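Please consult the sequence and the structure while reading.

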Amino acid sequence: MADRSPSPRADVCIVGAGPAGAIVAARLAEAGHDVVVLDAGPRFDLDDRTEQLDAHVRPGVDGGVSATPGEDGEAADGLWGMGGERDEYTSSGPRGYPLNAARVKGVGGSTLHWQGMVMRLHERDFELRSRHGVGVDWPLDYADLRPYYAEAERELGVAGADDNPFAPPREEPFPLPAFPPSHSDAIFAEACESLGLPTHSVPNARNSEPYDDASACVGYGTCKPVCPSGAKYTAERHVARAEAAGARVIDRAPVQRLEHDGGDRRSTPSRPAADGGERIEAAVYATPDGAEHRQEARAVVLACGGVENVRLLLLSASDAHPDGLANSSGAVGRYFMDHCFAGVGGRIDRPTRQNHVGFNTTECHALYDGTDPLPGVKLEFLNYAGPSPVIEALHADDWGDSLLDSLRDSYGTHLAVGGLVEQFPRAENRITLDRSTTDDHGNPVPDVRWSVGPETRAAIERANEVQRAVLEELGAEIDWVVGPDETGPAYHHMGTTRMGTDPAESVVGPDCRAHDCDNLWIAGSSVFPTGGAMNPTLTIAALSCRLADRLDDWL
């Protein structure tokens with residue numbers, strides 16, 4: 001019975017309540033602006049997280065306990081409610097792309113089930129064209145974003161240590177101490193030292209000690225897909241801050257299109273008009289009762305991810321913008337990037353104690369900043385190789401001594417080295433609309449066209465060589481390899497509304513404001529010109545802090 005009617009006055013309408021939208025909303029509301037946030041999915045009750053854990057690990061438990069029941073009295077299916085007609089998509093590229101496997105529509109977005117690793121991009125990531133002659137340069141550099149990285153670490157509550165010899169320079173310590181190395185990290189350290197691969201801690205957006213009114217990590221080990229303790233950051237923290245400062249957050253309100261006025265307006269020194277002067281008048285959204293509403297605002301921020309940002313711009317095509325809003329360059333939807341996975345795993349004849357920690361605590365960036373133009377590689381020493389004894393026991397068909405013997409054989413004998421591998425931006429990798437398939441509101445669904453280029457294949461092969469060498473140094477029996485033919489995405493959607501200074505080549509400027517629309521801003525990883533091989537959320541948060549400052553001045 002929530003009130004989903006539009007607010008009569010709004011300075012800013014933000015589409016999406018994931019980390020980008022929630023951070024912008026909190027900072028602008030705390031600065032005194034009237035903020036409305038529209039999210040396509042439901043609110044998820046924090047009190048249900050333990051039940052969600054049961055649904056994840058126990059056989060026969062209904063996975064639909066987590067979504068707040070709607071006006072029809074029924075909760076969405078699945079742990080986070082993804083799937084069905086609402087979330088239809090197609091994938092027409094050379095490789096099928098499982099879009100719904102890792103995204104969440106709802107207040108909190110994908111941080112509801114993310115793994116929580118957060119590191120800064122390296123300096124080379126902002127200067128890829130200048131340094132290596134591949135990709136493009138960002139219209140800002142690491143120095144521009146450096147103070148905002150520090151702000152983002154405080155906003156997310158990052159636990160880390162300044163022990164990475166390859167990391168870019170930083171100006172202050174992490175807000176929280178790093179998590180100590182795991183038992184298996186110590187095993188890997190032996191082999192890495194022999195091979196000349198320096199290892200270091202991993203910055204994590206989870207509390208190593210109480211922070212921001214949330215508890216320290218208590219070791220559930222199920223960070224992905226659910227953290228029952230609340231120690232792992234989710235964007236719900238910033239949503240709560242935004243609402244405490246007066247923002248309205250409306251759930252189950254999917255935006256159907258953006259409407260613009262089509263006319264010029266007079267510029268002022270504090271609010272210069274973009275070329276053409278087009279302004280967004282309203283976000284048109286639907287509600288569960290079948291009604292449509294118009295939320296008017298002085299400024300609109302798109303923050304619904306690298307796929308849905310594109311879809312909404314394309315769905316907002318008009319006579320004035322026949323190819324979609326903000327798309328005079330033709331770049332909307334193009335240059336879709338993800339991170340590819342590379343990995344090698346096997347068995348070792350010593351206790352590894354895997355699955356005691358549900359996140360990474362040790363990495364190696366030695367393959368990242370080479371002089372060759374290959375994509376960057378981030379090596380990850382996994383704490384969750386092999387089967388989980390809890391899940392194995394709960395799903396086993398045998399009991400007693402037979403089950404115990406089975407668990408002894410399978411648990412604590414595995415090791416694995418994973419890695420994220422960069423994709424360079426390629427115009428043919430893109431998001432478009434599939435007009436032959438529609439969602440629950442009759443709108444065309446997104447189509448994902450994704451492929452892995454030859455340079456990324458070469459980088460995956462290089463990663464596999466190093467990963468195999470580490471396990472062979474430990475005397476492990478290798479039993480699986482994920483190489484270029486088996487690689488899959490990390491579900492980091494980047495690049496589809498790229499940032500740049502040339503309106504003919506990019507969608508937004510360095511301040512994340514659309515070139516074509518005076519009062520339209522885009523937040524999130526869709527503005528990344530390149531993706532590096534670092535998990536993107538800290539950079540999303542840093543850019544969101546920066547965008548909020550720019551928009552605060554503009555308002």
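In what order do the three strands of the open sheet lie, and what is the pairing? In this predicted model, the order is β3-β17-β16, and the pairing is mixed. Strands β3 and β16 form the edges, since each of them pairs on one side only. Between β3 and β17 there are two bridges in the parallel sense, and T90 stands opposite D447 of β17. Helix α7 packs on this sheet, where it touches β16 and β17. The direction of α7 makes about 65° with that of β16.

A further pairing joins β1 to β2: the two strands run parallel and are linked by four bridges. Within this pair, V12 has V35 of β2 opposite to it.

| β3 and β17 | 90-91 and 444-449 | two |

The helices α1 (residues 19-30) and α6 (residues 236-244) also pack together, with their axes 8 Å apart and at an angle of about 25°. Because this angle is under 35 degrees, α1 is roughly parallel to α6. Their crossing is left-handed. Helix α1 contributes A22, I23, A25, A26, A29 and E30 to the contact, while α6 contributes H238, V239, R241 and A242. Of these contact residues, seven are nonpolar, one is polar and two are charged.

Note on methods
Residues are numbered from 1 along each chain as its sequence is written. This is a predicted model: local features need pLDDT of at least 70, side-chain atom pairs count only at pLDDT 80 or more; totals for chains, interfaces and linings use all residues. Side-chain values use heavy atoms; hydrogens and water are left out. Axes are lines fitted to C-alpha atoms, for helices over the stretch in contact, and angles run from 0 to 180 degrees between N-to-C directions. Angles under 35 degrees count as roughly parallel, over 145 as roughly antiparallel, 65 to 115 as roughly perpendicular and the rest as oblique. A crossing is left-handed if the near helix is turned anticlockwise from the far one by less than a right angle, and right-handed if clockwise. Contact means heavy atoms within 4.5 Å. Ala, Val, Leu, Ile, Met, Phe, Trp, Tyr, Cys and Pro count as nonpolar, Asp, Glu, Lys and Arg as charged, and the others, Gly among them, as polar. Two strands pair if DSSP finds at least two bridges between them.
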